[in-house]
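Please read them with the model open.

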Amino acid sequence: MTDLPGTAANYCYRHPGRPSYILCQRCGRTICPECQTQAAVGVICPECMQEQRRNAPRTKSAVLTRLTGSGAPVVTYGIIAVTLFVFVLQLIPGLGVTDRLFYAGAFSYPALFEPWRMLTSVFLHSTGFIFHVLLNMYMLWIFGPQLEAMLGRWRFLALYLLSGWAGSLGVLFLADPRVGVVGASGAIFGLVGAMLVIQRRLGGNSTQLLVLLGINFVIGFLPGTNISWQAHLGGLIGGVIVGLIFVQTRKRSQATLQTALIVVFALILAALSCVRLLA
């Protein structure tokens, strides 16, 4: 017996041996259960599903939007990413990343003058104690987004770098010049110092912040921790100064004055970095 066209239509177009009475709601072809994709109304065939996906508008996922949107703390995320990348490089034998970038007071003396180490050391961490980098990045994750939202990206970046630089100056003037240091602790303390200044100016409660600051500062004096309290103190002072500049010149009409004061502070740090050259 010869099949009629209507009868042929009762078989899946992709699997001719499988009878079905379900039609694709877009193209009208018969499809078996294996070929069906549930739609808002009815089902659609694989080809129509592919076409629908090709023509669908491209949208970012919620995570990607949060990471890259206009209000996302991209500088904070960038600093964390760079620091972790450098940490991985430190673990690779033969590269000598730590030896090339760590800071000690001796590198500010004429015989070994390498002043850039004052900033590069901020992105290094102890490879023998992984919690060193994890704790610093965790604190940056906590305080970074808040400060970056309040200050803006470029101001936040300036605060972080200048605080780290000030932390290295604390090491230069208060620590043994033969002892090397690594870590973002000075920059992190600078963020905390700036947060304290801003919160007090805005009338916020800074008790918990003071407690956290006190605990972390005392830890630097515990024997055997190998934590540079000098970097903590220097970074804290630097962060407080930068925070005061931002708070006192926060009006739009004071933008030029704010930039000038930040530049002057950076020049003061540069001058202090060269003091040992005159010794």
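1. A charge sits over a ring if NZ of Lys or CZ of Arg is within 6 Å of the ring centre and within 35 degrees of the ring normal. Keep in mind that this is a predicted model. Arg 117 meets that definition at Phe 102: its charged end sits over the ring, 5.2 Å from the centre. The charged end of Arg 117 also sits over the ring of Phe 107, 3.9 Å from the centre.

2. How many aromatic pairs does the structure hold? There are two. In one, the ring centres of Tyr 77 and Trp 141 are 5.4 Å apart, and the planes meet at 35°, so this pair is tilted. Tyr 77 belongs to helix H4 (residues 74–91) and Trp 141 to helix H7 (residues 130–151). The pair therefore ties together parts that are 64 residues apart in sequence. Trp 141 is partly exposed, because its relative accessibility is 48%.

3. Phe 102 and Phe 107 also form an aromatic pair. This one is edge-to-face, with 5.4 Å from centre to centre and 80° between the planes. Phe 107 is at 11% relative accessibility, so it counts as buried. These two rings are the ones under the charged end of Arg 117.

4. Now the cysteines. The structure holds zero disulfides. Cys 45 is in none; its nearest cysteine sulfur is that of Cys 48, 3.4 Å away.

Key: Residues are numbered from 1 along each chain as its sequence is written. This is a predicted model: local features need pLDDT of at least 70, side-chain atom pairs count only at pLDDT 80 or more; totals for chains, interfaces and linings use all residues. Side-chain values use heavy atoms; hydrogens and water are left out. Rings of Phe, Tyr and Trp (its six-membered ring) pair if their centres lie within 6.5 Å; planes under 30 degrees apart count as stacked, over 60 as edge-to-face and the rest as tilted. Helices (H or I, at least four residues) and strands (E, at least two) are DSSP runs, numbered from the N terminus. Buried means under 20% relative accessible area, exposed over 50%, partly exposed in between (1.4 Å probe, protein chains only). A disulfide is a pair of cysteine sulfur atoms within 2.5 Å.
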